[in-house]
Amino acid sequence: MCYYYYSAFVLLFLFLTRTVPTSTSTSPDHFLKPLKSPTPEAQEFFELTNRLPSDHLTPSCSLTIIHHSFANTINSPPFSNPYSPPSDCPPPWPRVVLELRVTSYGDQYDRIAGVWLDGAEIFRTSTAEPTESGIFWKVRKDITGYSSLLYKPQVNVTMMLENVVNNIYTGVYHVHVSFLFYKENISPDDVRFPSIISPNKNNYNLGTTDLGLSQTPSDLIIPICGDGKRGYWFRVESESDVLVKRVRFPKNTLQVVLELYASFHGNDEFWYSNPPNSYIQMNNLTTERGNGAYREVFVTIDGKLVGSEVVFPVVFAGGINPLFWEPVVAIGDFNLPSYDLDLTPFLEWLLDGKFHEIRIGVDDAISFWLVNANLHIWLDHGTSKVQAKSVVYNNPALTIERQEAFRLLDGSFRIKAKRKSEFVGWVKSKAGNFTTIVSQELRVTNLIRFYFNGTYKVVKQNVKVKRDSRIRADSGNLIGHAVIRRRYPLTVITSTVPLPRKDSLGSKKEDMYMLITNVSHALNERRINGDYSSILYNRQDSEGWTKVRGHSVLSGEASTWQRYNYRDEFGCYSRTVLAYNGKLIGDNTTFFCASST
């Protein structure tokens, strides 16, 4: 692990400048990184992750679905192309992979992007910030779970990437998206690195995607989305903005899972560091980044809460210190996670043949969030109607404690939140009578402290989520059991040092300051699925300083250390990297099972 220790000089500099009343309540912030001297060739950026099981295979065929340059696309409709399954290798396919390739040159902010197939989101990503010499990157995502859409002919594939190009922001994002189709299946003997293969041995094809119970892809996917004029995602400007969709479920539905996509931007990009409104008002601050530091995405059906999620705090490439995220981007940056909610216990009141109102919103949100979802529905093909019964609906209200203690610009703000729920329901089909038990426990702690007249800010957050899903046959035998535990620890420390406002001739210049930053965040995950288990330990530590004017970084230094450990029944994969000032200076990969501590 590598850190800079600015030690005596920095500490002395900080204390000597504390008399200048500068508030960093708006930090962390979003920046444009400085222009660098041209290099002979473009640089590859990447997100540290595990390889896909299909990566060692050759695709049976590939199909280019998007080849487009996203220039000045702000406020424009999304780019769209027709899609039909490839004629040279028709379905079914054991595996289908989406491959994204991007190149860009110039000066540009990072941008959020999404890909939809027939209105259903299948991939959400964000861009890196380019350089004059150019950057490029590649991302692969397994999209086999969207097979029911991939089989359909004459549908549209849509991509949204709003970008601004003018005489200041010159970077154009040149995008190539392909679908890779594999006819060859994957067996554990073929795998020389850890990966999820298909551990479930039951013959019922039941389970929940996010919880890891292996199953065939769903028979039907219904998008819960916007109108598509600016992408199919729905824009949440405040907690009163709610995505609403009326859906009628097939009466022979055997299982239903809602897949949720959500990302945060604008004044809520760093929601976990937002102070309460009382702090902003009492200090007469102009920042719009407030409303406290708790956000929870919720889903209701007919006014009844059926699930919620505190999402992983992805840091985009311009966030906090843009020098941190080159060439290694932050966790989740190139492939934002989605979140699955099992709605099977509610089938009794969903299968009445009537339309049901699904709502998605964000508690305490400010501008802006992008949300949408997909309903994955499995059908009983042996009957036109199944019987279902909801047995348990135990969903107490969120318990949340907020404490604040501040004087002028200094003080602390604490949040403790927890939620525990359990849902049980059975469905009787031609295959038998199955009872689904879904429980979830959520715990969130958040602490924000301001020191030295608001110029030194510490943010510490920890999110713990446990989901347990069990499926029992009519005999009482457990035919599926999955447990997933996730933990998202995050620490962000920012210190702002004002720099002189006047040049040597005494003329005023635009405000400049030095920003010293430390970031430590991780995605830790444990999964159990019957006899199968996996452990993921993914952590980044970043440290550096920047000289900033407005939202532009003029100069600086930065280092990022990251360790990615993944272990399952098929082996171990570990990669550790170290980047310093935009260059990869350490990179070590092993397939030995090392400790994650």
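A contact means heavy atoms within 4.5 Å. The model shown here is predicted: local features need pLDDT of at least 70, side-chain atom pairs count only at pLDDT 80 or more, and totals for chains, interfaces and linings use all residues. Residues are numbered from 1 along each chain as its sequence is written, and side-chain values use heavy atoms, with hydrogens and water left out.

**View 1. Contacts and secondary structure of the protein.** Of the contacts between residues at least 6 apart in sequence, 77% join residues at least 24 apart. The protein has 4 helices and 29 strands; these are DSSP runs numbered from the N terminus, with at least four residues (H or I) for a helix and at least two (E) for a strand.

**View 2. Surface and interior of the protein.** Of the 597 residues, 56% are buried, where buried means under 20% relative accessible area with a 1.4 Å probe, counting protein chains only.

**View 3. The disulfide between Cys61 and Cys89.** A search of the whole structure finds 1 disulfide, defined as a pair of cysteine sulfur atoms within 2.5 Å. The sulfur atoms of Cys61 and Cys89 are 1.7 Å apart. Cys61 belongs to strand E2 (residues 61-70) and Cys89 to the loop between strand E3 (79-83) and strand E4 (95-105), so the pair ties together parts 28 residues apart in sequence. Cys61 is buried at 6% relative accessible area, and Cys89 is buried at 5%.

**View 4. The cysteine Cys225.** Cys225 counts as buried, with a relative accessibility of 14%.

Definitions and conventions: Buried < 20%, exposed > 50% of the residue type's maximum accessible area, 1.4 Å probe, protein only.
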